[in-house]
Amino acid sequence: MKKTVLSLAAAAAVLSFGSMSAQAATKACFIYVGPIGDFGWSYQHHKGLEEMKAALGDQVETAYLESVPEGADAERAIERFARSGCNIIFTTSFGYMDPTNKVAGKFPDVKFEHATGYKREHPNVATYNSKFHEGRYVQGVIAAKMSKAGVAGYIASFPIPEVVMGINSFVLGAQSINPDFKVKVVWANTWFDPGKEADAAKALIDQGVDIITQHTDSTAPMQVATERGIKAFGQASDMIKFGPTTQLTSIVDDWGPYYIERVKAVIDGTWKQQDVWGGMKEGHVVMAAYANMPDDVKKLAEETEAKIKSGSFNPFTGPITKQDGTEWLKAGEVSDDGTLLGMNFYVKGVDDKLPQ
Amino acid sequence: MRIELVKRPEQSKLFSALSPFIALGLTLVAGAIMFSLLGKNPLDALYYYFIDPLREVWSLHELAIKAAPLILIAVGLSVCYLSNNWNIGAEGQFTIGAITGSILPVLFPQFQNWTVLPMMLIMGMAGGAAYASVPAFLKARFNTNEILTSLMLVYVAQLFLDWLVRGPWRNPEGLNFPETRNFHEYAVLPEIWSASGRANWGFVFALVAAVALWFMLSRTLKGFEVKVLGQSPRAGKFAGFSSSKMVFFAFLLSGALAGLAGISEVSGAIGQLRPTISPGYGFAAIIVAFLGRLNPLGIIAAGLVLALSYLGGEAAQISIGVSDKVVRAFQGMLLFFVLACDTLIHYRIRFIGMPAKTGEAAQNV
């Protein structure tokens, strides 16, 4: 008798567990613009997926598509996900903005989250992005301390506001230490092309920069910097493995907390449209361990990071002069987010003409 | 034992018909091995690759969207290649066609009526043809290698588009992101049957172009001229055909069709100009042209097969969780086997080393 009860209880437990997981499994799907092995942008999004999966366990089921070209293919990929039973779809590149909104209109019951965009045409579309420029400011501070030449090289991808914002933030950080600090910029016109990025790094080093920072996703610049014996900053992920004696720090995009929060909201039925621009404070932007620098520089970097993280300091606080010499922000004035999100001008100290 | 390829005196009719099926069989076997090695059920994988995308109507629409530019470009290229003109720059002609076709909705957004779309299509064709005329002129006048010039012009076109959408044509309301304004409703190529999916009239253009060119190539004097000049320019000259005129004809025709594909894609499937508007249609179309054996009707089938392999690749990624790399390797296998099996049409395989022995054995018996 006892045995029967036990086995019944066990069966019931198995049954209820089985049905629970079958019912509750929420499907979260991700679309990446690059390969998950880029060690940069898509790699970090995929890490976010894995973090979310680990945190939510059986409650969630995941799927992803990598290297989805922006354009007509994106719409099909998103629609395929929507039709295959995904409850929430993360589209992780700017170029997916219109396709995401188009598909969202057709599938009102599916939630869509678009990274780095600004269009939310339907109530089931949310947008999210990170304040990477906060990390750039810390890098600028370190660069000014570490550079003997007083010039850093910046490998940039495309002249969109986010990238311009990063360059400006870097310069402002550096000028807080050395007012004469300069930045040379090379536009690689790609997010991921190890060959081009390596060429850009070499060109910059030949022009006399002794610190390299990048807003492209491959590890090639880090490797070139190592060969030439100068220091560099990583991008999107911790690239210390590719430059153990080279990497000073890296801006790590940590999407995990956001993905956990949003997928959980879908499971709980509390998901709402929003526009999130999280930074260090929210844990979306994390600095990789400070390395290859003297202790005083490290201390300064940590202090700067803490200041930004606590919210007591905004990198875009006046007085700031534009590259053309006109005043942008008066002393103590803080830029509004709108200006930053559409930023198309350099601040003083950038040795480059912004492609217009 | 040695294996030799011996040229057949004539094309083999049998293998013309059989080779696609042999190729498909070999692909299935090689694919099954690959998927098994990856620990995936090969039958599942092949099902998601080839069958699943055909099961739903919306997916068929997507197939048409993906195949339309491939077919449209490839039929134009077939005329080029048959006439021995190696236009490798369809991607550039596609891009320029998209740009010139977009002039009206981007620069004159206030100008809205039903005449906009036909003008866009014509301007797109004119743009693609004009861009193709550059390598044609260089070849006809200076005997420049058109493979190089047409290929190099692809990069010029792509960078020009890049510059336009980041600079002068950038959407004034777009927060400085690199894209033009969205096309207004009169500038959008309509969907064929919008209740069931989003395939647009671009697919119809592709079918019409393919049938028209098939007719031209197989039933008209012009088609004969194309083939004669392609196979023997000297014989063509005796027949009174001009090879420099043919250079222009082939390039302008294929350029116009690539331009039409470009503006159809932008107007029908994307709705604005962006830094990248093509995942390499102009280059994939070269494969499609040869996959279809340079026959416009064959190209329709080839375009659909290649499009299916893209869609199936996505379905496989989502459903059985293989990576994008595996999907592309499989697509590569398919193309390799198809093109390799076509060798059997012109050659037969001879095994050397064994026949003598078997001959003796036969005598002894």
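## Close-up views of a predicted two-chain model

**View 1. Residues 283-308 of chain B, in a predicted model.** Over residues 283-308 of chain B, the end C-alpha atoms are 17 Å apart, and the chain is 85% helix and 0% strand. The model shown here and in the other views is predicted. An unreviewed UniProt entry annotates residues 283-308 of chain B as a "transmembrane region". The same annotation covers other spans of chain B, including 21-39, 63-82 and 117-138. Residues 117-138 of chain B are 100% helix and 0% strand, with 32 Å between the end C-alpha atoms.

**View 2. The contact between chain A and chain B.** Chain A brings 28 residues to the contact and chain B brings 22 residues. On the side of chain B that touches chain A, at least two residues come from each of α3 (57-82), α7 (146-166), α11 (243-270) and α13 (296-320) of chain B. That side of chain B holds nine nonpolar, seven charged and six polar residues.

**View 3. Strands β1 and β2 of chain B.** Strand β1 (residues 2-7) of chain B pairs with β2(B) in the antiparallel sense, over six bridges. One of the residues to look for is B:Glu4, whose bridge partner in β2(B) is B:Arg350. Strand β2 (residues 347-352) of chain B lies largely in the open, because the number of buried residues among its six is zero.

**View 4. The two domains of chain A.** Chain A divides into domain 1 (25-130) and domain 2 (133-252 + 285-351). The centres of domain 1 and domain 2 of chain A, taken over C-alpha atoms, are 29 Å apart. Where they meet, nine residues of domain 1 of chain A are in contact with eleven residues of domain 2 of chain A. Helix α2 (residues 41-56) of chain A gives the most to the domain 1 side, with three residues. By class, the domain 1 side has five polar, three nonpolar and one charged residue.

**View 5. The largest nonpolar core.** This core has 211 residues, and those with the most contacts inside it are A:Ile167, B:Leu70, B:Ile71, B:Leu72 and B:Ile73. The largest share, 16 residues, comes from α3(B). Domain 1 (25-130) and domain 2 (133-252 + 285-351) of chain A both give residues to the core, so the core lies between them.

**View 6. The surroundings of A:Ile167.** Neighbours within four places in sequence are left aside here. Beyond these, A:Ile167 is in contact with A:Tyr154, A:Ala156, A:Val183, A:Val185, A:Tyr346 and A:Val350. A:Ile167 is among the residues with the most contacts inside the largest nonpolar core.

Key: Residues are numbered from 1 along each chain as its sequence is written. Chains are lettered from A and ligands numbered from 1 in the order in which they are written. This is a predicted model: local features need pLDDT of at least 70, side-chain atom pairs count only at pLDDT 80 or more; totals for chains, interfaces and linings use all residues. Two residues are in contact if their C-beta atoms, placed from the backbone, lie within 7 Å. Helices (H or I, at least four residues) and strands (E, at least two) are DSSP runs, numbered from the N terminus. Ala, Val, Leu, Ile, Met, Phe, Trp, Tyr, Cys and Pro count as nonpolar, Asp, Glu, Lys and Arg as charged, and the others, Gly among them, as polar. A residue is buried if 20 or more other C-beta atoms lie within 10 Å of its own, exposed if 12 or fewer, and partly exposed in between; C-beta atoms are placed from the backbone. Two strands pair if DSSP finds at least two bridges between them. Domain bounds come from an automatic or database domain assignment. UniProt positions are given in the numbering used here, feature names are shortened, and annotations may be inferred rather than shown by experiment. A nonpolar core is a set of buried Ala, Val, Leu, Ile, Met, Phe, Trp, Tyr and Cys residues joined through C-beta atoms within 7 Å.
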